[in-house]
Amino acid sequence: MNQNNNLIQIFEYFSDNQRCIDLLVRLRWSEGIMCTFCKHNKVYNLTGKNKRYKCAKCLKQFSVIKGTIFENSPITLQKWFVAIYLMLCDKKGISSTQLSRNITVTQPTAWFMLQRIRFMLRSRITKVKLKGLIQIDETFVGGKNRNRPFHKKVKYNKGRSFKDKTPVLGMLDENGNIKTIVIPNTRAEVLKPLVYKTIETNSIIVTDEWKAYKGLDKDYTHFVVDHGRSQYVNDQGFTTNPLEGAWSHLKRMIIGVYHKVSRKYLQRYCDEFAFRFNTRLLTDSERFKLALSHVECRLRHQDLTRDSLQFR
Ligand SMILES: [Zn+2]
């Protein structure tokens with residue numbers, strides 16, 4: 001794959017099954033093929049068209065898709081790779097109806113594939129460490145109140161009430177890496193433990209004046225931007241504007257492509273958004289390869305249909 005591939009080149013490139021397998025072997029086992037059962041690094045190549053291996057220690061056989069999101073899937077690797085590419089190269093992602101037309105699978109299959117891919121992206125997201133100066137802010141994702149029928153309108157939904165929408169906590173570091181966590185509400189007992197869990201103490205943090213952040217200055221150098229007073233850059237020059245910008249990307253993705261996302265699955269869409277946001281300076285093929293190098297995780301069906309909320 002080159003730096004700039006158009007769609008036709010992508011379809012052509014992935015049209016060869018062996019090429020897909022070889023690429024997956026390279027990306028999954030960049031430091032050499034390893035037994036998927038016992039992690040032993042001496043394996044034998046078995047002959048046959050689907051490239052299988054046999055472990056020299058435990059003698060078990062495996063293929064490159066063992067223990068990946070592709071395992072037990074009737075969909076060919078070619079279709080999987082095109083799906084991943086299409087999802088990652090468009091800034092806003094791809095809907096399951098669009099994907100089902102592009103690679104000729106049913107819409108429920110396309111939906112399931114996209115959920116598995118999001119699960120793979122999440123394993124990358126969890127490895128990212130936030131460093132340096134970090135902005136913290138929450139946003140609310142959900143349908144617009146004014147578009148609802150009268151009896152479904154939620155009263156007093158201005159500001160930080162979350163009756164109508166799902167709150168998401170975001171943390172953005174000075175290198176442009178973001179973490180997004182779906183939360184049940186924006187109270188201190190929810191926000192503070194997540195801040196402590198995600199950001200090393202003694203870091204510099206910037207928030208707005210929301211009262212739930214009060215007291216973080218005990219463990220962090222804490223700067224406040226007073227949005228209530230229409231302040232967007234405080235007297236010391238700190239701001240949360242870049243994080244506000246990231247929120248508008250997230251909302252455009254959800255409104256523009258996915259129309260509406262249930263609270264149950266919102267964390268997965270936030271993971272997809274965060275992966276794309278954090279890799280925005282990479283080329284499409286670099287982003288694709290980075291995603292595939294985290295393929296070693298399998299989403300079981302019960303995990304998929306279970307509540308994806310990270311916060312429990
Ligand atoms: Zn083994």
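**Close-up views**

View 1. L59 counts as exposed, with 11 C-beta neighbours inside 10 Å (a residue is exposed if 12 or fewer other C-beta atoms lie within 10 Å of its own, buried if 20 or more, and partly exposed in between, with C-beta atoms placed from the backbone). This is a predicted model, in which local features need pLDDT of at least 70 and side-chain atom pairs count only at pLDDT 80 or more, while totals for chains, interfaces and linings use all residues. Residues are numbered from 1 along each chain as its sequence is written. L59 sits in the loop between β2 (52-55) and β3 (61-63) (helices are DSSP runs of H or I with at least four residues, strands are runs of E with at least two, and both are numbered from the N terminus). Its phi is near 65°, which is positive in a residue other than glycine.

**View 2. N202, another loop residue.** Look for N202 in the loop between α6 (188-198) and β7 (204-208). N202 isn't a glycine, yet it has a positive phi of about 75°. With 8 other C-beta atoms within 10 Å, N202 is exposed.

**View 3. The whole protein, for orientation.** Here you'll find 10 helices and 8 strands. Of the 312 residues, 33% count as buried. Take the contacts between residues at least 6 apart in sequence: 60% of them join residues at least 24 apart (two residues are in contact if their C-beta atoms, placed from the backbone, lie within 7 Å).

**View 4. Helix α4 against helix α5.** Two packed helices are described by the angle between their axes and the distance between the axes. Helix α4 (residues 96-103) and helix α5 (residues 107-125) pack at about 110°, with axes 8 Å apart (axes are lines fitted to C-alpha atoms, for helices over the stretch in contact, and angles run from 0 to 180 degrees between N-to-C directions). That makes α4 and α5 roughly perpendicular (angles of 65 to 115 degrees; under 35 is roughly parallel, over 145 roughly antiparallel, and the rest oblique). On the α4 side, S96, T97, L99 and S100 make the contact, and on the α5 side it's Q107, A110, W111 and L114.

**View 5. Helix α7 against helix α8.** The axes of α7 (residues 241-256) and α8 (residues 266-278) come within 11 Å and cross at roughly 125°, so the two helices are oblique to each other. From α7, A246, H249, L250, M253 and I254 meet Y269, F273 and F277 in α8.

**View 6. M120 and its partners.** M120 is in helix α5 and is buried, with 23 other C-beta atoms within 10 Å. Leaving aside neighbours within four places in sequence, M120 is in contact with I69, A291, H294, V295 and C297. M120 and C297 are 177 residues apart along the chain, but their C-alpha atoms are separated by 6.6 Å.

**View 7. I117.** Setting aside neighbours within four places in sequence, I117 is in contact with I69, A83, I84 and M87.

**View 8. W29 and S293.** W29 belongs to the loop between α2 (17-28) and β1 (43-46). W29 counts as partly exposed, with 17 C-beta neighbours inside 10 Å. From C-alpha to C-alpha, W29 and S293 are 8.2 Å apart in space, though 264 residues apart in sequence.
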